[in-house]
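Visitor: I would like to go through this structure with you, one topic at a time. May I start with the loops and then turn to the ligand?

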Amino acid sequence: MASSTPSTRRNALEPRVDLHLHTHHSDGTFPPEEVVRRAKSLGLTTISVTDHDTIAALPAARAAAGQALEILSGVELTATSHDRELHILGYGFREEDPALCEYMKDARDRRHGRIQAMIDRLKEHGIEVTLQEVELIAGEGNSVGRPHLAEAMMKKGAVRTLNEAFDRYLGDHAPCFVKQAILTVAGAARLIRQAGGVAVLAHPHHLVEDGWIPELAADGLQGIEAYHSDHDSSVTEHYRRIAQQHKLLITGGSDCHGFRKAKGPLIGTVKVPGACLDQLKQTLKGSDPFRSKRV
Ligand code: AMP
Ligand code: FE
Ligand code: FE
Ligand code: ZN
């Protein structure tokens with residue numbers, strides 16, 4: 001499309017994409033309407049809201065977006081591989097898919113028990129926080145997670161910043177971390193793909209060893225999130241090359257959590273080539289002939 005367009009208009013027609021965004025339905029701070037408002041004011045043309053274990057933001061996001069902004073269904077699931085928790089993004093799936101919806105509901109329910117287990121560990125470290133306090137911070141969102149717990153710890157004065165809470169207590173290798181994933185990567189990919197979606201490995205940097213990629217692809221992962229706010233240009237190029245080598249899709253997004261992360265709202269700050277979206281849509285069209293009414 002762009003090649004037949006005069007170069008002066010090419011930028012205006014180039015899709016502007018952010019495929020990794022959180023709302024207050026999980027650990028972002030913005031309601032879906034605010035994410036959409038910001039996306040529109042930044043001139044984005046397609047976004048995906050990828051909350052942890054929930055798609056509750058989608059109806060409000062769609063209603064706010066109207067015709068002006070395309071919204072691709074999205075979710076971020078947690079899965080284990082090599083004894084680590086990895087994040088798997090799902091895109092373009094059928095939102096009413098029973099198996100996926102049931103899994104997400106279970107996962108959200110389990111999050112409460114897991115946070116309680118982390119609270120018990122914090123107590124051993126002299127930090128008193130209650131589940132009710134954490135749930136109050138999660139508010140609207142029923143997908144309670146470590147960032148909400150970190151905020152409760154900040155309120156109690158146990159830590160000064162979110163980063164300190166993760167570094168000292170809650171991070172994947174810190175003393176009060178409790179795993180939550182019950183899915184394998186193959187299980188996560190299967191859930192997303194049987195719902196007509198595409199499964200993508202989120203922000204692999206510092207989490208995934210390059211040597212695991214062929215195995216993850218064999219497990220059903222179809223893409224790698226090469227463009228991400230934690231990836232500088234050389235890291236992005238590295239994952240672009242790996243994706244090409246293994247014939248995987250390349251995707252990207254900011255992973256905006258509103259004001260929860262120290263860097264502030266990141267929406268629209270990661271430039272994702274329009275070709276990434278085109279290829280994702282091509283794959284979605286091919287993946288399930290009964291779907292894609294919105295893609
Ligand atoms: P959970 O779903 O409860 O395991 O929490 C995962 C979320 O915690 C991620 O999506 C990030 O928003 C946040 N997170 C993970 N690691 C860190 C870290 N080291 N510093 C700050 N936030 C983090
Ligand atoms: Fe998050
Ligand atoms: Fe993530
Ligand atoms: Zn995320």
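Visitor: Where is the place of D255?
Guide: This is a predicted model. In it, D255 belongs to the loop between β9 (249-253) and α11 (274-287).

Visitor: Is D255 buried or exposed there?
Guide: D255 counts as buried, because its relative accessibility is 9%, under the 20% limit for that class.

Visitor: And what is phi of D255 near?
Guide: Phi of D255 is near 65°. That is a positive value in a residue other than glycine.

Visitor: What about D53: which loop is D53 found in?
Guide: D53 is found in the loop that runs between β2 (46-49) and α3 (58-65). Its phi is near 60°, again a positive value in a residue other than glycine.

Visitor: Why does D53 count as buried?
Guide: D53 counts as buried because its relative accessibility is 1%.

Visitor: Let us move to the ligand. How many residues surround ligand 1, and which are the closest?
Guide: Ligand 1 is surrounded by 14 residues. The closest are H52, R114, R146, H257 and K261.

Visitor: How far is an oxygen atom of ligand 1 from the side chain of H52?
Guide: An oxygen atom of ligand 1 lies 2.9 Å from an N or O atom in the H52 side chain. For H257, an oxygen atom of the ligand is 3.0 Å from an N or O atom of the side chain. For K261, the corresponding distance from a ligand oxygen atom to a side-chain N or O atom is 3.1 Å.

Visitor: What percentage of the accessible area of ligand 1 does the protein cover?
Guide: On its own, ligand 1 has 510 Å² of accessible area, and the protein covers 81% of that.

Visitor: Which pocket does ligand 1 sit in?
Guide: Ligand 1 sits in the largest pocket.

Visitor: Which elements give two or more residues to the shell around ligand 1?
Guide: Those elements are α4 (98-124), α6 (146-155) and α7 (162-170). The largest share comes from α7, with three residues.

Visitor: How do the residues of that shell around ligand 1 divide?
Guide: Three residues of the shell are nonpolar, six are polar and five are charged.

Visitor: A change of topic: which helix does E34 lie in?
Guide: E34 lies in α2, a helix of residues 32-41. The side chain of E34 makes a polar contact with the side chain of R38, at 2.8 Å.

Visitor: Does E34 count as buried or exposed?
Guide: E34 counts as buried, because its relative accessibility is 19% and the class covers values under 20%.

Visitor: And T236: which helix is that residue found in?
Guide: T236 is found in α10, the helix of residues 233-245. T236 is buried, with a relative accessible area of 8%. A polar atom of the T236 side chain lies 3.1 Å from the backbone oxygen of A226.

Visitor: One last residue. Where is the place of P204?
Guide: P204 is in the loop between β7 (198-201) and α9 (213-218). P204 counts as buried, because its relative accessibility is 0%.

Visitor: How far apart are P204 and H228, in sequence and in space?
Guide: P204 and H228 are 24 residues apart in sequence. In space, C-alpha to C-alpha, P204 and H228 are 9.5 Å apart.

Notes: Residues numbered from 1 in each chain as written. Chains lettered and ligands numbered in written order. Predicted model: local features only at pLDDT ≥ 70, side-chain atom pairs only at ≥ 80, totals over all residues. Heavy atoms only, no water. Near = heavy atom within 4 Å. Polar contact = N/O pair within 3.5 Å; in protein donor to acceptor, adjacent residues only side chain to side chain. Areas by Shrake-Rupley, 256 points an atom, 1.4 Å probe, with all protein chains shown as cover. 1 Å grid on protein atoms, 1.4 Å probe; cavity = no way out; pocket = protein on both sides within 12 Å on 5 of 7 lines; lining within 4 Å. Sits in = over half its atoms within 2 Å of the grid points. Helix = DSSP H or I, 4+ residues; strand = E, 2+ residues; numbered from the N terminus. Nonpolar A, V, L, I, M, F, W, Y, C, P; charged D, E, K, R; others polar. Buried < 20%, exposed > 50% of the residue type's maximum accessible area, 1.4 Å probe, protein only.
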